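Hello,

Here is the structure I promised to pass on. Please open it first, then read the notes below.

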Amino acid sequence: MASKQNYVGIDLGGSSLKIVELKSVGKRPQLVTYGFIEETYNIIKDENKQAVKELGGHLKELIKTSKITTDKAVSALPSFSVFSSIISLPYMSKKDLISAVRWEAKKFVPIPLEEMILDWEILDQPGAEGEKEDNKDIEKEAKKKDEKDKDKKEIDKQGIKKGNAKVLLTAAPKNLVNRYVELFKIVGLQLVGLETESFALERSLVGNDKNSIMVIDVGKAATNIIIFSGGVPTLNRSIDVGGQTVTKSLIEKMGVDETQAEQFKIDMKDSLAGKTLEEVPQPISHLINAIVNEVRYILNIYQSQNRQPITKIILTGGSAFLPNLTDYLQEIFRIKVFIGDPWARVIHPVEIDSMLKELGPRMSVSIGLAMREIV
């Protein structure tokens, strides 16, 4: 049952802060308010307490100007800061599962497990075929799972169901999680959920579609590429190129400032319609080629595993509107490509629909976070 409590999703992007407050109306989320500011910082690498306090000040101001009405918040760890993998384990007792998960985690997490917080969920439980649990607060997962397991039919060592279970295993650095906790204490919000960006994007852009879908999140500093299968992120890669790559190149080549470079990118949107990749300015073609090469790489990995084909590619992120990006990807990979609309599942005023759609790609994560507790 959907919660009647309002929740605010807070996306701490490396170059901006984005927040969306939603409430539940029936079985659908409804927009209460939203806001964003451009603010460069790095909560991932900067462990300085003063930096966290400064970020808290900016976030407080955004909350105030956006007129947020709730103190219940959900946030996300950047996908590139979290290690995740789908592993296969024999069905076993809960006690043995904990040991097995930790053993498997040592194989793919390059950091001592003592410095990490582990989170896992069984993707194909007996009696719940095709269903999955929603991703939990990564810091409190173990306690929550113990409570929920009391109401489930435990699988003993002999195995009620033969074969193996697929388990989604996630590991996040403890010091990073602690910085998030400290930030929200400074701001005065109750952090009720902390998950990875991929689950937020699944909620806002994929929904109940169980087909294999690729989401490309083209941000300012980085591009994340995620493949969802059965509503679960199965592959996730990041590259250090994004909209800022184009902006910096334009500044260097044209001798303009950042504001002028950003405006030039907007002005090019219509003028480059129908142009081939060879006719597009080099800064843009460089970014598009980098994305194309990474998509090709991740598709090769995915297809080598003999899974169902990718049915569509959804673009999102602040740079999703790069000139002709949808057309180029569709032509090269022969897969339907479109820019996602995260507001499609959210009730909102018709009169601001066009404005929200323009903002939509950059708000996808924050919308998905706010949806977490009410859908």
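Is His-286 buried, partly exposed or exposed? His-286 is partly exposed, because its relative accessible area is 42%, and that value falls between the 20% limit for buried and the 50% limit for exposed. Keep in mind throughout that this is a predicted model.

**The chain as a whole**

The protein chain has ten helices and 13 strands. It counts 375 residues, and 51% of them are buried. Take the contacts in the chain with a separation of 6 or more: residues 24 or more positions apart account for 72% of them.

His-286 sits in helix α8, which covers residues 282-304.

Two packed helices are described by the angle between their axes and the distance between the axes. Helix α6 spans residues 243-254. The axes of α6 and α8 come within 9 Å and cross at roughly 155°. Because an angle over 145 degrees counts as roughly antiparallel, α6 is roughly antiparallel to α8. The crossing is right-handed.

Helix α1 covers residues 49-66, and helix α4 covers residues 174-187. Their axes come within 9 Å and cross at roughly 50°. That angle makes α1 oblique to α4. The crossing is right-handed here.

On the α1 side, the contact is made by Val-52, Lys-53, Leu-55, Gly-56, Leu-59, Lys-60 and Ile-63. On the α4 side, Arg-179, Glu-182, Leu-183, Ile-186 and Val-187 take part. The residues of this contact divide into seven nonpolar, one polar and four charged.

**The aromatic pair**

How many aromatic pairs does a search of the whole structure find? The search finds one. The rings are those of Tyr-34 and Trp-343. Their centres are 6.1 Å apart and their planes stand at 65°, so the pair is edge-to-face.

Now look at where the two residues lie. Tyr-34 is in strand β3, residues 28-38. Trp-343 is in the loop between β13 (336-339) and α10 (353-371). The pair therefore ties together parts that are 309 residues apart in sequence. Trp-343 is buried, because its relative accessible area is 1%.

**Two residues with positive phi**

Lys-67 has a positive phi of about 60°, although it is not a glycine. Its place is in the loop between α1 and β4 (72-77). Lys-67 is exposed, with a relative accessible area of 65%.

Arg-334 has a positive phi too, of about 55°, and it is not a glycine either. Arg-334 lies in the loop between α9 (325-333) and β13. Is Arg-334 buried or exposed? Arg-334 is exposed, since its relative accessible area is 70%.

Best wishes

Conventions: Residues numbered from 1 in each chain as written. Predicted model: local features only at pLDDT ≥ 70, side-chain atom pairs only at ≥ 80, totals over all residues. Heavy atoms only, no water. Axes fitted to C-alpha atoms, helices over the stretch in contact; angles between N-to-C directions. Helix = DSSP H or I, 4+ residues; strand = E, 2+ residues; numbered from the N terminus. Parallel < 35°, antiparallel > 145°, perpendicular 65-115°, else oblique. Left-handed = near helix turned anticlockwise from the far one by under 90°. Contact = heavy atoms within 4.5 Å. Nonpolar A, V, L, I, M, F, W, Y, C, P; charged D, E, K, R; others polar. Buried < 20%, exposed > 50% of the residue type's maximum accessible area, 1.4 Å probe, protein only. Phe/Tyr/Trp six-rings, centres within 6.5 Å; stacked < 30°, edge-to-face > 60°.
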